[in-house]
Amino acid sequence: MLSSCMGSLMELAEQDKNVLYLTADSGEGGLDRMFRMNFPDRTYNFGIAECNAVAAAAGLATAGKIPFVYTAAPFLVYRAYEFIRNDICMQNLNVKLLGTGSGLSVSSLGPTHHSTEDIAALRVLPDLMLLSPATPAQVNACMRLAYEHNGPVYIRLGMNREPELFETGYPFRPEVSDILRTGKDICMISTGSILSEAIGAAEILAAHGCQAEVINVSMLKPFNAADVLQKINGFKRIVSIEEHNTAGGLGGILAETLADAGICAKLFRIGLRDTFSQGYGKLSDIRAENGLNAEGIARQIREAFYE
Amino acid sequence: MSQHDLEECMELRKQIFITGYKGGMAHLASCFSALEILYTLYLKNGMRYDPEDPDLPSRDRFVLSKGHAALALYAVLCRAGYLTEEEYGRYLKPGSRIGGEPYMRDLKGIEATTGSLGHGLSMAVGMALAQKMDGTGAKTYVLLGDGECQEGSIWEAAMSASSLGLANLTAILDCNGLQKTNRVDETLKVVAWTEKWKAFGWDVMETDGHDPDAIKECLDKRRNTSAPGILIAHTVKGKGVSIMENNPMWHFKLPNKKELKIFKEELHITDEELV
C-alpha cells in the first residue's frame, strides 16, 4: 500500500505544483527517497511533532497549498486530534491526512502503534472524508479521489505487502462498494486490508455449506448508504469485518445505517470488542490471536449464526 | 507614545468595554493587554492588507493565537474596514457575526480559528512557509500569550520555524505575566523567555507592549533578518483600568455595580453609552 501511496503522490505532484509532502519523521523506502529527490522544495519533515505538522498543513492550505501529511496513523490521529478538528475540519481546509500502519499492521510493536479506534474518532468530525482502501490498486484510486475532493480527507493505510485482490483494469470508484464474492446466505461487509481475510473466511464457510457474499467498503464517510442498502437487500444475516474496535467503526456505521433505514436484520460485528489488541508477531500472528484471520472470522460467524 | 495613538487606544478600550459589557461576556483584561500590539499591526502600518480584497494572496497575515483577546481584534478589524460599527456592536447578540473567540468562517480578516491555546503559531508557520514558497514578500504575524507558551505545541512550532528559516514570520509575545488562575512564573516557574526563544533559533527583541511607536520600531527592524523573530512585548493585563491591572481575578469577568463605577470613570463612559 505504501508504494502505491507514494507512487500516486508522485503522479499528483507532477501534475500540480501545489501538492506538498509533509511528514512527522515518517517515510521509508525507495519511493519516499525518490519523492524527496524529485521534489525537494515540496517535501517537509516536521520532525517528531505531529500536532505542529497538522496545524502547519492547515496554515499551508489557507494559502492554496495541498499538503499530504504522511505519518503513523495512531500518532497522527490520536496525538494531533484537536489540531485536525480545530485547524483543518472547522475550516474545511484542503489537507490530506495519510495514516500509515493503520489497524494492526504494525503488528510487532503492540497497541501503542496500532490504530484500532481511528475510524470512530475521526468519523464524527464534520466535513472530513474517510477512506479505507483494501488493496494497493485501491489506494491509487483513493489518492486520486482525495486530491480531486476540495476538503479534508483521511486515508487509512496498511503498511504490509497487502495482496492485490482486484483484477487488472477493475473500474475503481471508492464512493461505491465492491462485490468480491457472491453468496446467498450471509453478507459480509469488510473495510481495509482485512478484506483478504474476509474472502478467506467466505471460502472456509463455503466448505461448511454457507455461501457468503463479500462486499468491500472503502469510503466510510460520507457513507454511501443507498449503495450498501441496495446491495444487502434481502440478507437477514449481515457481518461487519474490520481491523478496528467494533464500536464506532464500520460495524457502528452499519448499525446506524440499518436502524435509520428501518431494516430488520441481524448484524454481527467482527473486530476488537472494547479492547486493545493482544499479542505480538507478524500481522498473520496477531490477526490470528485476535480472531481476525480467515479462520477466526469464519469461526465467529459459525458460532453467531449456526451453533 | 504620541497623543494621537494615546487617544485612539483610549477610544478603542472604551469601545471594547462597552461592547463586551453589553454582550455579556469578554476577556477584557486580555483585550486591554494586547490592544496596542493589535493597533500597531493593523492601524499603524504594521501590516499590508486590503479589506476590499481580503483574499489577496500577497497580503500579510495575522494570527491571534491567544484567541480570547478576540474582542480587541474585532475592534481593530472594525477600524480597518473588515466589519461595520453596527456589526461590532452586535457582538454576542442574536445574529452576531462575531463570537467570543475568532472563527475563520465568521468573518474575512480572521485568518485562523483560535481559542484552544497552542495552535496559532503552528498555523502561522504553515502560512509563512507558503508565503516563502510563493516568493511574494508577504509576512505572517502571530500574537502569543506568555501563559500560552506552557503548551508544548508552541515549542514544536518554534523549532520548525527556525529550521525552515522563516524570516518572514514574526511572533509577538503579549508578556503580561498572568494566566487565568495565577502568575505565569508561579505556575510553571522557569520562564526565561529571551533565553528560551534564542535557544530555539529565533531573533529576540524586547519592548514596551503599550507603546505603539516602540512596537513599530521593532517590527521595522525585522526587515533584514534571516531567522524568525519574536518581539517580547512587556504588557499589563487589564491595562487602563486600575482595579483590573495585574490581577488574575479579572481574566474572565465583568464588573459588578460598584466596580462598574471605576470602569466608567477611568474609560470616560457615560450611563447612556451602556444602555
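A crossing of two helices is called right-handed if the near helix is turned clockwise from the far one by less than a right angle. In this predicted model, the crossing of α2(B) and α9(B) is right-handed, whereas the crossing of α5(B) and α6(B) is left-handed.

**Helix pair α2 and α9 of chain B**

- Helix α2, residues 28–43 of chain B, packs against helix α9, residues 212–221 of chain B, at an angle of about 55°, and their axes lie 9 Å apart.
- Because an angle between 35 and 65 degrees falls in the oblique class, α2(B) and α9(B) are oblique to each other.
- On the side of α2(B), the contact is made by E36(B), I37(B), Y39(B) and T40(B), and these meet P212(B), I215(B) and K216(B) of α9(B).
- Sorted by class, the residues of this contact of α2(B) with α9(B) comprise four nonpolar, one polar and two charged.

**Helix pair α5 and α6 of chain B**

- Helix α5 (residues 120–134) and helix α6 (residues 152–163) of chain B pack with their axes 8 Å apart, at an angle of about 20°, which means that α5(B) is roughly parallel to α6(B).
- The contact draws on L121(B), S122(B) and V125(B) from α5(B), while α6(B) contributes S153(B), I154(B), E156(B), A157(B), A158(B), S160(B) and A161(B).
- The class composition of the contact of α5(B) with α6(B) is six nonpolar, three polar and one charged residues.

**The seven-stranded sheet of chain A**

- Chain A holds an open sheet of seven strands with mixed pairing, in which the strands follow the order β2-β1-β3-β4-β6-β5-β10.
- The edges of the sheet are formed by β2 (43–45) and β10 (219–221) of chain A, each of which has a single partner strand, so one side of each is left without a neighbour in the sheet.
- On average, and with direction ignored, neighbouring strands of this sheet are turned by 20° against each other.
- Within chain A, strand β3 (residues 66–72) and strand β4 (residues 96–100) pair in the parallel sense over five bridges, and F68(A) has K96(A) as its bridge partner in β4(A).

**The two domains of chain A**

- The domain assignment divides chain A into domain 1 (2–156) and domain 2 (178–305), and the centres of these domains, taken over C-alpha atoms, are separated by 26 Å.
- Their contact takes 23 residues from domain 1 of chain A and 27 residues from domain 2 of chain A.
- On the side of domain 1 of chain A that touches domain 2 of chain A, at least two residues each are supplied by α6 (118–122), β5 (129–131) and α7 (136–148) of chain A, and the largest share, three residues, comes from β5(A).
- That side of domain 1 of chain A has eleven nonpolar, nine polar and three charged residues.

**The contact between chains A and B**

- Chain A gives 20 residues to its contact with chain B, and chain B gives 19 residues.
- The elements that give two or more residues to the side of chain A that touches chain B are α3 (50–62) and α5 (81–88) of chain A, and the largest share, nine residues, comes from α3(A).
- By class, the residues on this side of chain A divide into eleven nonpolar, six polar and three charged.

Note on methods
Residues numbered from 1 in each chain as written. Chains lettered and ligands numbered in written order. Predicted model: local features only at pLDDT ≥ 70, side-chain atom pairs only at ≥ 80, totals over all residues. Domains from an automatic or database assignment. Contact = placed C-beta atoms within 7 Å. Helix = DSSP H or I, 4+ residues; strand = E, 2+ residues; numbered from the N terminus. Nonpolar A, V, L, I, M, F, W, Y, C, P; charged D, E, K, R; others polar. Axes fitted to C-alpha atoms, helices over the stretch in contact; angles between N-to-C directions. Parallel < 35°, antiparallel > 145°, perpendicular 65-115°, else oblique. Pairing = 2+ DSSP bridges.
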